[in-house]
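Here are my notes on the model, as numbered points. Please read them with the structure open.

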Amino acid sequence: MSHQLTDVEMLRLSYNDIHTAIQKAATKIKEEFAPTLFIAIGGGGFIPARILRTQLKTDQDGKKKNIPIQAVGLVLYEDMGGVEEKVGTEVVRTQWLDFSTLGSNFTHGGLLGRHILVVDEVDDTRTTLTYTIRELQIDINKQLAAVEDEQERERLRKETKLGIFVVHNKLKPKAAELPSDVAYFSAVDTPDIWLAYPWECDGDIDAHDALRVHNPKP
């Protein structure tokens with residue numbers, strides 16, 4: 001059910017707010033997870049993933065190298081015209097991973113042996129994040145099954161890691177728990193309030209930023 005301006009506090013966020021939050025979180029992500037592949041959940045994960053890529057460039061032969069970004073498109077059932085009883089309970093794919101055009105740059109199906117960081121703007125009910133991790137694990141298992149050499153298969157299994165990064169984690173009950181072996185990073189923990197991201201502004205962005213003076217105080 002949609003929130004109304006009259007009964008839910010709104011926190012307006014600027015591009016600088018997002019950039020600064022991600023920049024502060026990047027050091028911990030690099031030290032504890034060191035991602036080698038980003039998977040951005042569209043559309044809220046696109047800009048955070050792009051900012052994070054700049055912060056986490058890897059060194060290779062004395063040169064800075066960008067971490068590749070893949071994208072997935074997911075929508076909750078409510079966005080597809082579902083009935084109220086199913087709101088937030090069903091996720092529909094609109095786009096999924098495609099490594100087929102990248103040739104020899106990706107081996108073993110594209111996921112194996114990588115530290116895969118799923119990026120989204122907010123962890124609200126955790127429905128889409130849980131779905132993404134579950135589906136990625138299915139893909140990883142399929143790719144592992146295609147590796148004939150047992151030692152190589154087990155090496156790749158150990159080296160393949162899943163993690164999540166969100167700009168904001170809402171401190172509220174979640175629809176599901178994440179597996180214990182999935183790394184989790186959030187730049188900012190927030191109460192359960194309406195987060196108004198700058199890329200959602202369809203009017204004057206300067207006016208949007210100016211209204212941040214009315215943001216609820218911590």
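1. Start with arginine 126, in the loop between E7 and H3. This is a predicted model. Arginine 126 is not a glycine, yet its phi is positive, about 75°. Most residues other than glycine have a negative phi. The residue is also covered: arginine 126 has a relative accessible area of 11%, so it counts as buried, the cut-off being under 20%.

2. Which residue pairs with arginine 126 in a salt bridge? The partner is aspartate 123, and the closest N and O atoms are 2.7 Å apart. Both aspartate 123 and arginine 126 are buried. For aspartate 123 the relative accessibility is 0%. Side chains of opposite charge can pair when their charged atoms come close.

3. Aspartate 123 has another salt bridge to look at, with lysine 174, at 3.5 Å from N to O. Lysine 174 sits in the loop between E8 and strand E9 (183-190), while aspartate 123 belongs to strand E7, so this pair ties together parts that are 51 residues apart in sequence.

4. Now the other charged pairs. The structure holds 13 salt bridges. One network links Asp124, Lys170, Lys172 and Asp192. Glutamate 135 and arginine 134 also meet through their side chains, at 4.0 Å from N to O. Is each of these two buried or partly exposed? Glutamate 135 is buried, with a relative accessible area of 14%. Arginine 134 is partly exposed, at 45% relative accessibility.

5. Next, the overall fold. The protein chain has five helices and 10 strands. Of its 218 residues, 41% count as buried. Take the contacts between residues at least 6 apart in sequence: 71% of them join residues at least 24 apart. The accessible surface of the chain is about 12500 Å², and carbon and sulfur atoms account for 49% of that surface.

6. The largest nonpolar core has 27 residues. Leu97, Leu111, Leu136 and Ile164 have the most contacts inside this core. Which elements each supply at least two residues of this core? They are strand E2 (37-42), strand E5 (69-76), strand E7 (115-123), helix H3 (127-145) and strand E8 (161-170). H3 gives the largest share, six residues. In soluble globular proteins, nonpolar side chains tend to be buried together.

7. Leaving aside residues up to four places away in sequence, leucine 97 touches Ile39, Gln70, Ala71, Val72, Leu111 and Leu136. There is also a second, separate core, of 25 residues. Leu11, Ile22, Val119 and Phe185 are among its members.

8. Look next at the second largest pocket. Its volume is about 340 Å³. The pocket is lined by 18 residues, and those closest to its centre are Leu11, Leu13, Thr190, Pro216 and Pro218. Strand E1 (10-12), helix H1 (15-32) and E9 each supply at least two residues of the lining.

9. At 68% relative accessibility, lysine 24 is exposed. What separates the C-alpha atoms of lysine 24 and valine 188? The distance is 9.8 Å, although the two residues are 164 residues apart along the chain.

10. Two further points of backbone geometry remain. Glycine 42 and glycine 43 are joined by a cis peptide bond, with omega about 0°. Most peptide bonds are trans. Glycine 43 is in the loop between E2 and helix H2 (46-55). Aspartate 61 has a positive phi, near 55°, and is a residue other than glycine. Aspartate 61 is placed in the loop between strand E3 (58-60) and strand E4 (63-65). Is aspartate 61 buried or exposed? Aspartate 61 is exposed: its relative accessible area is 75%, and over 50% counts as exposed. Arginine 126, which also has a positive phi, is buried.

Technical notes: Residues are numbered from 1 along each chain as its sequence is written. This is a predicted model: local features need pLDDT of at least 70, side-chain atom pairs count only at pLDDT 80 or more; totals for chains, interfaces and linings use all residues. Side-chain values use heavy atoms; hydrogens and water are left out. Helices (H or I, at least four residues) and strands (E, at least two) are DSSP runs, numbered from the N terminus. Buried means under 20% relative accessible area, exposed over 50%, partly exposed in between (1.4 Å probe, protein chains only). Contact means heavy atoms within 4.5 Å. Accessible areas come from the Shrake-Rupley method with a 1.4 Å probe; for residues, only the protein chains shown count as cover. A nonpolar core is a set of buried Ala, Val, Leu, Ile, Met, Phe, Trp, Tyr and Cys residues joined through side-chain atoms within 4.5 Å. On a 1 Å grid over the protein atoms alone, a cavity is a set of points where a 1.4 Å probe fits but cannot get out, and a pocket is an open set with protein on both sides within 12 Å along at least five of seven lines; lining residues have an atom within 4 Å of a point. Grid points are joined across faces, edges and corners, and a volume is the space filled by probe spheres set on the points.
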